[in-house]
Every structure is written in structure tokens, then in C-alpha cells.
Amino acid sequence: MKTKFSLVFLFALLFCLGCSRENPGTWPQEKVSEKISTSLELSGLTLQPRAEGGFTGTGKREEETITVIVTQNPAESRIDWDAKGDRGFVETGFFELR
């Protein structure tokens, strides 16, 4: 009986841990903004939803204005971004949970 209880407890624990991971492909605007701001070291990033999905917006990095286009991919648990600055900064990046 004790072994059966332990197995049920272990299964429930693993199931709950798997559920607690949020899919970046479905993150709300605020969470996407926070992740990209941190990754690109941006201040004042404001994102707006795009008609085709994902977000677009601008933020500041030192004295440069950065334009960011974000694509969300729920099937891959991933967000991708393309960032371009008005003074030459360019970066393509992603964040995913596996």
C-alpha cells in the first residue's frame, strides 16, 4: 500500500511540475515584453498586438531606439524576435521551453 501511495504521489508531483511551465508561445503581452526587455537590455519597451499574431513595438537601448517584431509559436513553446535599431543594432533571438 505504501509503495502504491508513493507512486501516485510521484506521478501527481511530476504532472503538476509539467503543468506549471507556461508556454512562451501563449504568453500575454506583458510577459513577452518583460522577457524581451531583459534579453535585449531595453528600457521602456512597449508592444502592441500584430494582426498576423505576435507583437511589435519599440524600446530604448542606450541612445538608440530599437524596433522589435515578436512571433509566438505555441506548438514549439517558443517566441522569436527580430530587433533593429536606428543606429545599426541588429539582433535575432528566441526563447523556448522544452
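## Overall architecture

The chain contains 2 helices and 5 strands. Read from the N terminus, its elements follow the order α-α-β-β-β-β-β. The model is predicted.

Of the 98 residues in the chain, 26% are buried. The chain exposes about 6800 Å², and 58% of this area comes from carbon and sulfur atoms. Among contacts with a separation of 6 or more, 30% are between residues 24 or more positions apart.

## The sheet

The strands form an open sheet of 5 strands, ordered β1-β2-β3-β4-β5 and paired in antiparallel fashion. Its edge strands are β1, residues 43-49, and β5, residues 90-96, each of which pairs on one side only. From one strand to the next, the twist averages 20°.

Within the sheet, strand β3 (residues 64-73) and strand β4 (residues 78-85) run antiparallel and are joined by 8 bridges. Threonine 71 has aspartate 80 in β4 as its bridge partner.

## Helix α2 against the sheet

Helix α2 packs on the sheet and touches β1, β2 (55-61), β3, β4 and β5. The direction of α2 makes about 140° with that of β1.

Serine 33 lies in this helix, α2, which spans residues 29-40. Serine 33 has a relative accessible area of 14% and is therefore buried, the cut-off being under 20%. Apart from neighbours within four places in sequence, serine 33 is in contact with Leu45 and Leu47.

## Nonpolar core

The largest nonpolar core has 15 residues, of which Val32, Ile36, Leu40, Val68, Val70 and Trp81 touch the most other members. Elements giving two or more residues to this core are α2, β1, β3 and β4. In soluble globular proteins, nonpolar side chains tend to be buried together.

Tryptophan 81 is one of the core residues that touch the most other members. With neighbours within four places in sequence left aside, tryptophan 81 is in contact with Ile36, Ser39 and Leu40, with Val68, Ile69 and Val70, and with Glu91, Thr92, Gly93, Phe94 and Phe95. Ile36, Leu40, Val68 and Val70, which are among these contacts, are also named among the core residues touching the most other members.

Conventions. Residues numbered from 1 in each chain as written. Predicted model: local features only at pLDDT ≥ 70, side-chain atom pairs only at ≥ 80, totals over all residues. Heavy atoms only, no water. Helix = DSSP H or I, 4+ residues; strand = E, 2+ residues; numbered from the N terminus. Buried < 20%, exposed > 50% of the residue type's maximum accessible area, 1.4 Å probe, protein only. Contact = heavy atoms within 4.5 Å. Pairing = 2+ DSSP bridges. Axes fitted to C-alpha atoms, helices over the stretch in contact; angles between N-to-C directions. Areas by Shrake-Rupley, 256 points an atom, 1.4 Å probe, with all protein chains shown as cover. Core = buried A, V, L, I, M, F, W, Y, C linked by side-chain atoms within 4.5 Å.
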